[in-house]
Amino acid sequence: MLRSTVSLAFLIATALAVPTRRSNHVLHEKRAMEPRGWTKVGRVDGAQVLPMRFGLVQQNLDKLEDLLMSVSHPDSPQYGKHFSAAEVASTFAPGEETIAAVTEWLLESGIERDRLRLSTDKGWIHVNASVSEVEDLLNTEYHIYDHPNGAKQIGCHNYSVPAHVQPHIDFIKPTVQFNHRAGPNMKQRRSTPINTDLDGLRMADVDVTITPSLANCDKMITVDCLRALYNFNYKPVSTKKNTFGVVEFTPQAFLGGDLDLFFRNFSPSLVGVRPKSVLIDGAVVQTQQQSFNFNGESDLDLEYAMALTAPQEVSLLQTGDLVQGGGFDNWLDAVDAAFCTFDGGDDPTQDGIYPDPQGFNRQYNSKAKTHLDAFLTTILEPESCGIIAPPKVVSISYGQDEATASVHYATRQCNEYAKLGLMGTTVVYSSGDNGVAGFGNVCLDADHNEADDTASVFNPEFPATCPFVTAVGATQVLPGNTVNDPESACERVIFSGGGFSNIFQKPSYQKNAVDKYIANHLTPSPFAPGQFNDTGNARGFPDIAANGANYVIGIDGQFALVFGTSASAPVVASMITMVNDARLAIGKGPVGFINPVLYSPILAPIFNDITIGGNQGCGTPGFTAVPGWDPVTGVGTPNFERLLAAFVVLP
C-alpha cells in the first residue's frame with residue numbers, strides 16, 4: 001500500500017513537471033480599459049465561430065516615415081513620386097520567417113492547414129475557429145457585453161501567445177479591441193436646438209430662403225462666409241480625374257431632403273444631386289431613424305463638402321451595418337485590399353457585395369435570431385476588401401479617446417495612414433470637441449484610465465494623434481467681428497481638441513514647431529507633472545484649423561446651428577481637393593500627405609495665425625493659441641489662394 005502511494009505521488013509530480021502547451025505563453029495585448037457604458041453579461045458559447053485575423057509583423061516599418069517624407073516633403077527631389085499599391089505591399093510585406101513561425105504555431109495547436117489563408121500582401125493570416133479553440137490558443141476567455149441601447153459585442157480582456165511567436169505577431173482580431181462606434185465630433189447649439197431665435201433661422205419648409213450675408217458670419221456660418229474667411233473661390237476643372245471621399249459610420253446617415261433644403265438656399269445647382277454611395281461591410285444609408293443624433297453629422301459633412309467643391313463628385317464611404325456599426329479599420333479595408341483579411345478585388349467568393357438584401361433580411365428581420373446571433377452572423381460575413389480605390393482626399397469627422405485604443409491597434413492603423421500617404425492620399429481627421437478632455441469631457445487618472453470628472457490627466461483623441469494624418473482643430477469668428485477680423489480658437493459650445501499623444505512620438509516634420517512651442521510656452525510648465533505627455537518627444541496636434549462654430553445646416557427638414565471640428569475637417573479637405581484639381585489640370589499628381597508642407601517655415605505666410613483663445617478641459621484652462629504652431633489651432637487657418645500657389649509650383 002505504501003509502495004502504491006509513493007508511485008502515485010511520483011506520477012503526479014512528474015506530470016506537473018512536464019511543460020503544458022501554454023506554459024511558454026506571454027501576455028501580448030491587454031485591453032486599454034474596460035469599455036465605458038457596457039456591461040459584461042456572460043461567456044460566449046464555445047461552439048460559436050469567430051473570424052480570426054492574425055496580424056503579422058511587417059518589414060521596413062523603421063523606414064516608413066523616411067519613405068513618406070521622401071514623397072511628401074517640399075525639399076525632397078522625390079516629392080510627388082507616390083508609390084503604387086503593389087509597391088507599398090511588397091515594401092512592407094512580412095518576411096517568410098514570420099509567416100512560417102505563426103503558421104507552425106497554428107498547425108501545432110490543432111488548426112488544419114486547409115483552414116488557413118494568407119492575405120495577398122502577406123500581412124494577415126485568417127482562420128475561422130470556434131470560441132473554444134481560440135480561448136485555448138490564446139489562453140483567454142471571450143465574454144458578451146451589453147449596451148443600454150440594445151447593442152451587443154464580444155471580446156476578451158487580454159490574450160497571450162507563445163514567447164517565440166510574439167516577435168512575429170503584431171496583433172490579433174477580434175480580441176481586446178472594442179468597437180466603440182466611432183463618435184462624431186459635432187454638437188448642436190444647446191439652448192435652442194431649432195435656432196428659432198437667431199436672425200430668422202426657423203423651422204424650414206420647401207419655400208424657405210435664407211439670403212447668405214457676410215454681415216452675420218459671427219452668428220451664422222454659411223458657404224459664403226467660409227469662402228470669404230479663407231479666400232476660397234475656385235471652380236474645379238478636373239472633376240473626372242479627381243476623387244473626394246467622406247466617411248460616415250452607420251447608423252448616422254444623411255437625408256436627401258436635408259441636402260436639398262440646404263442646397264436650395266446656398267448652392268442651387270446641387271438640388272437633387274447626391275453623393276456616390278459606397279457601402280462598406282453591410283452598410284445602409286438608413287432613413288428610418290431621424291434625429292440630430294442620426295442625421296446631423298452626415299448632413300453637415302456632405303452639405304459643406306459638396307457645396308464647396310461643386311461640381312466635383314463626392315463619394316460617401318458609408319461604413320458598418322446596423323448590428324455592430326463600423327470602426328476605422330472598416331473603411332481602410334475598403335480602400336486598401338492589402339490592409340484587409342481577404343484577397344481583395346470583386347471576387348464574390350472572397351468579398352462581400354453590400355448591401356446583401358438576403359443577408360440583411362436574414363440578419364435583421366428573422367424573429368428567430370437574437371441580437372447576439374445577428375452580431376455573430378455579421379462578423380462572419382466576408383468583408384468589403386478593396387472595393388474602391390483610395391480617394392485622393394478623405395475627410396473623417398469622427399474619433400475615439402486615444403486611451404481606449406491599445407498601442408498595437410493604434411500603431412497598426414496609423415501605419416496604414418502612412419501607406420495611404422505614400423500612395424498619394426490625404427487623410428483628414430477632426431481633432432475633437434472637448435479641448436484637452438475626451439468624449440463626454442472624460443479625463444484620465446494617473447494610470448491613464450478614463451475616470452470620473454475629478455480626474456485631471458489630459459485625454460487626447462485618436463486617430464487625430466496619429467502623425468500620418470492631418471488633424472484639424474476649430475476656430476470661430478468672435479461675436480461682433482467680421483470675416484475680415486482675426487479668428488480665435490473656438491470657445492463657444494465646443495473647444496478645439498488638441499494636445500500631445502500618449503502613444504505616438506513627435507514626427508520629424510513637426511520637430512522645430514513643437515520644440516519652439518515647448519520652449520516658449522511650456523518651460524516651465526503651467527500644468528502639474530504628468531498632466532499631459534510632457535516628455536517633449538510626443539506628437540502634437542492639431543496640424544491646422546478652420547472655423548467650427550455656428551454652421552447653418554439642413555437637418556430633419558429644418559435649419560439648425562451646429563458646432564465642432566466635424567465642420568472644420570470637411571472644409572480643409574475640400575480645399576485640398578481643389579488644390580488637387582488645379583494640379584491635375586496641369587498634368588501633376590495629387591499632393592498626398594500634406595503635413596510636411598504645412599510645417600515648412602518658408603510656407604508660413606500660407607496661414608492665418610490664430611493667437612486668441614484656448615482649449616480648456618480637465619479642470620484646467622488647457623493650452624493657449626499663440627504665434628506659430630500651438631496644440632489648439634495648429635499652424636492656423638489656410639488662405640486658399642496662397643495654399644494653392646504653394647502646392648501648384650511643387651513638382
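What span should the 16 residues of helix α12 (residues 407-422) have at 1.5 Å a residue, and how far apart are its end C-alpha atoms? The expected span, taken as 1.5 Å times one less than the number of residues, is 22 Å for α12, and its end C-alpha atoms are 22 Å apart, which agrees.

Some ground rules first. This is a predicted model, in which local features need pLDDT of at least 70 and side-chain atom pairs count only at pLDDT 80 or more, while totals for chains, interfaces and linings use all residues. Residues are numbered from 1 along each chain as its sequence is written, and side-chain values use heavy atoms, with hydrogens and water left out. Helices (H or I, at least four residues) and strands (E, at least two) are DSSP runs, numbered from the N terminus.

**Helix α12**

Of the 16 residues of α12, 13 are buried, so the helix is largely enclosed by the rest of the structure. Here buried means under 20% relative accessible area, exposed over 50%, and partly exposed in between (1.4 Å probe, protein chains only). After α12 comes Gly 424, whose phi is positive, near 100°.

**The annotated site**

An unreviewed UniProt entry places the feature "active site" at Glu 297, Asp 301 and Ser 566. These residues are spread over 270 residues of sequence, yet they cluster in space, with a largest C-alpha distance of 7.4 Å. A friendly caution: UniProt positions follow the numbering used here, feature names are shortened, and annotations may be inferred rather than shown by experiment.

Glu 297 is in helix α8, and Asp 301 lies in helix α8 too.

| Residue | Relative accessible area | Class |
|---|---|---|
| Glu 297 | 1% | buried |
| Asp 301 | 1% | buried |
| Gln 290 | 48% | partly exposed |

For contacts (heavy atoms within 4.5 Å), neighbours within four places in sequence are left aside. Glu 297 then meets Pro 184, Asn 185, Met 186, Glu 248, Phe 292, Ser 397, Tyr 398 and Ser 566. Asp 301 has Val 246, Glu 248, Ser 397, Ser 566 and Pro 570 as its partners.

**Gln 290**

Gln 290 sits in the loop between β13 (276-280) and α8 (292-309). Its contacts, not counting residues up to four places away in sequence, are Leu 255, Asn 295 and Asp 556. The side chain of Gln 290 also reaches the backbone oxygen of Thr 287 at 2.9 Å. Finally, Gln 290 and Ile 555 are 265 residues apart in sequence but 9.2 Å apart in space, C-alpha to C-alpha.

Conventions. A polar contact is a pair of N or O atoms within 3.5 Å; within protein, one must be able to donate a hydrogen and the other to accept it, and residues adjacent in sequence count only if both atoms are side-chain atoms.
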